[in-house]
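Hello,

Here is the structure for you to look through. My notes follow below it.

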Amino acid sequence: MLEDVIAPDVLLPFIEQLKTFFNISHVVSDIQVIIKYKTIKSIEAFAIKYYEYAYHEIAKTKASFLVLKNFKTEFANNQITVLIDKDSAYVKSYFSLMKKTLSKLGLNIEIDYKIDEKLVTTKSKIKQSINEQVKVLEQKEKIIHKEKKTAEKKYFSKKSRPKAVAISEIPLDQYQMDKYMNEKGDTSFLIEGTVSKKEVRKFTNTSLLTFVLGDEDDAITVKKFLNRPKDFDLASQIKDDEYIQVQGRAKFDTFQKDVVVFCEAIYFMDKVKSKLERVDKAKEKRVEFHLHTKMSNMDGIGDVSQYVEQAEKWGHEAIAFTDHNALYAYPDIYKYTKGKKIKPIYGVELDFVNETKFKITSDTTDDIALKDATFVVFDIETTGLSSTRDKIIEIGAVKMTQAGVIDTFQIFVNPEEPLSAFTTSLTGITDEMVSQAETIDKCLPKFLMFAKDSILVAHNALFDVGHIKENAKRLNLTFDHDKVVDTLSLARYFYSDQLKRFNLKAVAKYFKIKQESHHRADDDARVTADIWQSMLHDLAKQGIKQFLEINQAIDLKEAWKHGMPYHLNVLAQTQEGYKNLFKVVSDALTDHFYKGPRTLKSVLDKHRQGLLVGSGCANGDVFEAALNKGDEELIEAIQYYDYIEVQPPQAYKHLKRDLGQYADEIIEAIISKIIKTAKQLNKLVIASGDVHYLEKKDVLYREIYIRTPLVGGGIHQLNKYDQMPEQYFLTTDEMLQSFSFLDAQLAHEIVVENTRTLSRSIESIKAFSDELYSLPDDAFIEQLGITSISKEVKRLINQKTHELYGEHPHPIVTKRVDRELKNIIENNFGPNYYVSHLLVKKSLEDGYLVGSRGSVGSSIVATLLDITEVNPLRPHYRCKNGDFTVFKLSDEEAIEYGMTPEQSAFQPFFEGVQSGFDLPRKKCPICGEPLVKDGHDIPFETFLGFNGDKVPDIDLNFSGDYQSKAHDYVRELIGEDHTFRAGTIQTVA
C-alpha cells in the first residue's frame, strides 16, 4: 500500500528488485506484485509515462502494440485520450489489454481515442516513404553507374562501405520480421559472406539470380531479378566461394517459405576471406554416436564422405551412422573408412513399437458388465503437456450409463499464474475466467467425488488420467480408479479402416457429432460422451459386453499397427549383431510395414544378441517421459536401454515455443533429470548430436526438406515449428560448451569419457565379406536334376557355340569363350549366369521377350546363354550352317590362326567397320547361303574388370505383364526364404 502515485522510474525498478528476493530457479514459475494507493492525487503527473510503459511491456509478446508510440496522448479526468488519424481507429482494440496492464499497477485509468482530421493518414505516410525510397534508389543507380565507368574492375574496398552485420541478426520468420519492422522501422541490411549454390533461372519475362551467402555462424538465401544488361553482367561475375557484400531488404518469401534478402547492390571485396575451418583442439576427443546422412529420406543432408573426412581431420577415433530405418549408406561407410584409422560404427535409428503396451482399457482383474456400468467421460484443459510441470485450468465431465446422461460437471481451476497467449488462443480460456476460480487443491477433490465408483473414459486417456493422477499424488489424495477406457485407442483399433486420423475432431465427424467449442473441457467431454455412447453400441454388436472383453478383443498380431512409434538407436556391437541388424531392419521394411517401417519390440528382443540399444533423441520415450510424465514412467523407460543419449540444449530448440518463458531452464532441467536418473540405474549416459548436417549454415538446406511435402504424402514432423533445432557436427569443445550448464566433470564424463568407453566396447565390423554369397554348385539337383551348375553352364556354352559357329569354331571364338568361362567358374559366378539363363528361357517360352541392359552385352558367355542378344566379338561374318566364319585379322593373327583363301578375300570388307551390322551383305563361299553379320568389338573387361573378378551385374527387363511371374519363378528356383525384391534408392531432383 502506497500513500500516493509515484514516478514509474522509481516504482518499476523497486518491483523488479522485490521479485528477485522470491525468485528460485526451477521452483518458482511466476511472482505477482499487487500495488494499491491510499490516494491518487499525483496521477496527472505520471499517467502518460505509465501508459508508455504499458505498451512497451505488452510489445514484448505482442509487437504490434508499438504502433501506439506513433500517436500523441492527452490526460484529463482520469482518462487518457489518444489522438489518431482517420485511418487508425483499429487501435481501440488495444485499449482493453492496456487497461488490464495498468490495473496490475493499481491504476484504473480509462483509455479512449479522438480522431484529428489534421493528422496525416498512415496511407499517406507510406506513399510518401515509397516515393522517397524510389528517389534514393535512383540516386544509388546513378552513383553505381558512374563508378562503373571510372573503374576497370568491379572491386570496391570494404572500408568504403558501412560495417556489415552478422547474418544471424536477420529475423528468422514472418513474426520476427514484423516485430523487427515495428522496432527498427526498416529491414534493410548489409551482410557479407561466402557465395555458394549460385543459380540463374530464366522465366518468361525475367530471370532470377539466387545464391546462398554464408558467414561463420549462419547463412541466408539472396535473390535478385535480372532485367537489364548490367544486371546480367554483374551476375556473371559472381562465383561460388567468392567473398562479397550484399546490400538488400529482408523479406519473407512466400514461395520459399523463408526469410530471404532481395538484393539491391553487391560489392566485391578487395580481399577474399578464407573460410574459417573448425578444428577440434581437445586433447581427448569425443565420439559421435547419432548421425544421419542423406540416406535418411528427406531429412539428412551430408554425404558419408564429408562426415568421415571431418571426423578424421579432428582426430576422432570412431564415428557412428544411424540413418532413419535405413542401412543404405553402409556401402559408402565401408568405402570411405576402408584403410583409414577411424573406426566406423554401423547403426540405425528405428521407429519402435512395443506392441504389448497397446491397450484400450487399463489392466484390471475386476470385471463388470458394460450395460450395468456408470461412466464418467471427462476432459481437461491444461497450460501444457507436462503432468509434473504444467497446471490444470479446467475439468469437464459427463456421468452416464449405457442408457444416457445422468449428470454433468464443469469447473475452472486457478493455475496461480498468467496464461500464455498460446493457451488462451488454443482453449479460449482467459485469465479473467480462471483468476477468481478455486485452486487445484479445492477443485480436484470435487471431481474425484463426482467420478467415484465410475469407469473413467477419455480421448487420449493417458494424458488426462496422467494429469489427474500426478496432481492427486502431489496433494496426497486417493486416486484408485483401476478402470479406464481410452476412446482414442479404441478408435485406432476398431475404426482404422474408416478413419485416416483419430483426433477428437475426426472421430466426432465420423459419428456425426457436432462440436461447438473444441478445446474447451466441458464441450469436449460432451462430445467424447456421445462418441462413447456410439462405440458402446458397436461393441455390443461385436459381442463385447464385459469390461475385460474390450482388451481381450485385441489381436496381438495386429496391435503393432495401432501403437504410436517412437525413436530409438541400435548399434552393431559384434559381427553377429551386424547380421542381426539386417534382420531387424528387413522385418520392419517388409513384414511390419504399416504407414512406414515399424520395428516391434518382440522382433528386436529376438535378434538383440550383439546389438546395443540406445534411447535416441527428443522423439524417444525417455525424453518424452522426462519432459511430460512422472518419475516412475521415466525409470521404466530407461530400464530397457543399454545406454542413454542426451543431446545438447540447442538440439531441442524447436520445443521452446511450447515451453514458455523459462524454456531454456526447463530443457536444461530435463537433460539433467535424464542424466541423474540414468546414473542411479547404472546406465551409461552419452552426449550425442543427433547430427543431420555438417556445418551450422547447412540448416537452410535441411529446412527445404522439412518444408517440402514427403513422398507418398504427409509432412515432416518439424514442419509445424517456426524454429529449427541446431543439429550440426560438433567438435569436442563445442559439445562441452553446450553442456556447460552441468558440472564440468559430469559434462566431460558424458561428452568424452563415456563416448570413448562405448566406442571401445564395439568390435571393428567387417561390413562386406570377401567371399561371394552364391548358390552351391548342386543347388538345382532336386528341382531340375542338375548335379553341377558349372558343368551345365559349360555344356550349354559348347552346344550354343557349335550351333552358331559350327563344329570347328574360329580360334578367336574359342579363345574368348575359354577365357570368360575360366574367370566365371573360378570366381563362382556360374550360378548368376545360369539363373539369368533360366529366367530368360522361361519368359521366351511363355511368349514374352526379355531385354538386357548395361555392360552384360560385353560377355560372349551371356550371349551364348541367350541372356543378351548383343555379340561382343569383333565384327565378323558367320554362316548359319556353320560352314564359314571370318574376322578381320592382323598380320600377326593371320600367322597365329591361319587364313584360308576364302577368308583372305573377305578382309577388305572390314575396313572402317565398327559394328558387324554395317558390313555389306555377302553369301557363304562354301554353301552359298546369306551370311549372318554380327559382332560389336566390346572387351570382356567392360563387364567383369581387368582381372575378371568383378561381381557380375546382370540387368534383365521383363515385360510389365510378366514381372510377377518372373518373380514367382525365382522363388520357385531358389526358395522364398532366399529371395528378396530390391528397389532403387530415391533421390531429390
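Which strands close into a barrel, and in what order? Five strands do, in the order S4-S5-S6-S8-S7, with mixed pairing. The twist averages 50° from one strand to the next.

A word on the source. This is a predicted model, where local features need pLDDT of at least 70, side-chain atom pairs count only at pLDDT 80 or more, and totals for chains, interfaces and linings use all residues. Residues are numbered from 1 along each chain as its sequence is written, and side-chain values use heavy atoms, without hydrogens and water.

Strands (E, at least two residues) and helices (H or I, at least four) are DSSP runs, numbered from the N terminus. Two strands pair if DSSP finds at least two bridges between them. S7 (residues 243-253) and S8 (residues 258-268) run antiparallel, joined by ten bridges. Phe 252 stands opposite Val 259 in S8.

Two loop residues are worth a look. Asn 325 is not a glycine, yet has a positive phi of about 50°. Its loop runs between strand S9 (318-324) and helix H8 (330-337). Asn 682 also has a positive phi, near 60°. This residue lies between helix H22 (663-680) and strand S20 (684-687).

Is each one buried or exposed? Buried means under 20% relative accessible area, exposed over 50%, and partly exposed in between (1.4 Å probe, protein chains only). Asn 325 is buried because its relative accessible area is 10%. Asn 682 is exposed, at 73%.

Best wishes

Definitions and conventions. Axes are lines fitted to C-alpha atoms, for helices over the stretch in contact, and angles run from 0 to 180 degrees between N-to-C directions.
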